[in-house]
Amino acid sequence: MAEVELSDVTRTFGRTSALSNVSMTVPDGAFFVLLGPTGAGKTTTLRLVAGLDRPDSGALRIGGTAVTNLTPAQRNVAMVFQQYSLYPHMTVRENLAFPLKSPLLRTPQDQIDRKVQEVAETLQISHKLDNRATALSGGEMQRVSIGRALVRNPAVYLMDEPLSSLDAKLRADLRVELKNIQARTGATFLYVTHDQIEAMTMATHVGVLDHGRLVQTGPPREIYEDPVSIYAASRLGQPRINILPADLFAGAPSGAKSIGLRPEQIHQGEGEESSVVRVEHLGDQTRLYLSLRNHDLVTVTDAHTPLQSGDIVKIRPERPFYFDASGARIH
Ligand SMILES: Nc1ncnc2c1ncn2[C@@H]1O[C@H](COP(=O)(O)OP(=O)(O)OP(=O)(O)O)[C@@H](O)[C@H]1O
């Protein structure tokens with residue numbers, strides 16, 4: 001497995017700057033998650049690392065080797081796309097074995113059989129090994145795509161929202177499996193997702209992309225607890241961070257335009273009076289939708305709360321974040 005390094009990488013498409021001067025390191029054995037809304041440059045980053053596209057300027061290294069001018073095959077990376085890409089005329093078994101059948105690898109047949117069986121079990125598709133790829137559901141096809149990456153032993157796995165087409169239960173299972181595979185093999189992952197539960201639970205490192213610029217990198221908890229901007233703060237956390245005018249509460253520092261309150265940064269029981277708009281019982285937690293002087297905010301409360309819409313709840317900020325007019329954090 002290997003470290004991946006981008007140095008000052010820029011890629012533009014016409015007038016769109018997909019990536020601007022991005023420098024980042026995915027350490028060997030890291031599970032690095034790229035976060036950002038649609039168009040932020042996540043897929044472009046993966047394609048550049050995979051060698052499916054070339055940067056306009058800047059350099060890429062994998063395992064210390066300059067790869068900018070190497071073909072995808074020479075880079076030894078395995079990529080899983082958001083949409084499955086299988087050979088339709090082949091069975092699941094043949095699809096899974098395919099990457100190992102390269103004449104260059106000369107993998108013995110019994111080793112191929114063992115690996116295919118092992119990966120099929122991990123991905124819960126053993127019972128479909130002899131089906132044709134076209135006779136599978138979308139979720140099954142996506143598992144086979146992931147399996148085709150897992151049978152190999154690449155320098156790095158590149159995954160572009162690989163779990164987004166799966167149902168919630170399978171997504172949760174595969175989250176754990178991918179994390180186990182990473183822990184067991186020490187594999188390096190560069191992984192794109194919109195799903196912040198995936199980001200929080202799987203990532204050792206998170207990179208936040210904003211219109212092609214990398215605005216913050218760090219462990220997920222650091223991004224959550226110490227965001228550099230409203231933008232970075234808004235990438236993680238469910239319910240989302242509340243961003244309100246700073247003068248809604250006393251105590252804002254000078255220059256503060258907005259106050260940022262995650263649910264746990266809202267203390268209930270004292271302070272300003274807010275009214276309960278809606279109560280959502282989710283089982284393990286209850287969400288409270290509040291209105292404070294015509295501003296909406298959402299927080300969580302005890303699962304067994306007796307609160308109902310129309311009730312009054314006093315709230316005050318507890319160690320909130322403050323941001324200036326540009327959205328940058330003020331300490
Ligand atoms: N081949 C291309 N031709 C023209 N523009 C492109 C091309 N590929 C990407 N772009 C543009 O570059 C920007 C970044 O795209 P990219 O696909 O990397 O975003 P993303 O963060 O992966 O988004 P999503 O979450 O929707 O996949 C977008 O504005 C996109 O329209």
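This report walks through a predicted model, from its overall build to a few single residues.

## Ground rules

Residue numbers start from 1 along each chain, following the sequence as written. Because this is a predicted model, local features need pLDDT of at least 70 and side-chain atom pairs count only at pLDDT 80 or more, while totals for chains, interfaces and linings use all residues.

## The big picture

The protein chain has 331 residues, and 38% of them count as buried. Buried here means that 20 or more other C-beta atoms lie within 10 Å of a residue's own; 12 or fewer makes it exposed, anything in between partly exposed, and C-beta atoms are placed from the backbone. Along the principal axes, the C-alpha atoms fill a box of roughly 70 × 45 × 35 Å.

There are nine helices and 18 strands in the chain. Both are DSSP runs numbered from the N terminus: helices are H or I with at least four residues, strands are E with at least two.

## Around the ligand

Who sits around the ligand? The residues are Phe13, Thr16, Ala18, Gly36, Thr38, Gly39, Ala40, Gly41, Lys42, Thr43 and Thr44, going by a C-beta atom, placed from the backbone, within 6 Å of the ligand. Strand 2 (16-26) and helix 1 (42-50) are the elements that give two or more residues to this shell. Helix 1 gives the most, with three residues.

By type, the shell divides into three nonpolar, seven polar and one charged. In this scheme Ala, Val, Leu, Ile, Met, Phe, Trp, Tyr, Cys and Pro are nonpolar, Asp, Glu, Lys and Arg are charged, and the others, Gly among them, are polar.

## Strands and sheet

Strand 1 (residues 4-13) and strand 2 run antiparallel, joined by seven bridges; strands pair if DSSP finds at least two bridges between them. Across this pair, Glu5 stands opposite Thr25. Their hairpin has two residues between the strands, and Gly14 takes a positive phi near 60° there.

Elsewhere, six strands make an open sheet with mixed pairing, in the order 6-7-8-3-9-10. Strand 6 (77-80) and strand 10 (213-218) stand at the edges with a single partner strand each, so one side of each has no neighbour in the sheet. From one strand to the next, the twist averages 15°. Helix 5 (residues 138-150) packs on the sheet, touching strand 6 and strand 7 (156-160), and its direction makes about 175° with that of strand 6. Axes are lines fitted to C-alpha atoms, for helices over the stretch in contact, and angles between N-to-C directions run from 0 to 180 degrees.

## Two residues up close

Val119 lies in helix 4 (residues 109-122). Is Val119 buried or exposed? Val119 is buried, because 23 other C-beta atoms lie within 10 Å. Setting aside residues up to four places away in sequence, Val119 touches Leu96, Gly147, Leu150 and Val151; contact means C-beta atoms, placed from the backbone, within 7 Å.

Ala303 is in the loop between strand 15 (295-301) and strand 16 (312-317). With 11 other C-beta atoms within 10 Å, Ala303 is exposed. Ala303 and Thr286 are 17 residues apart along the chain, yet their C-alpha atoms are separated by 5.0 Å.

How values were computed:
Contact = placed C-beta atoms within 7 Å.
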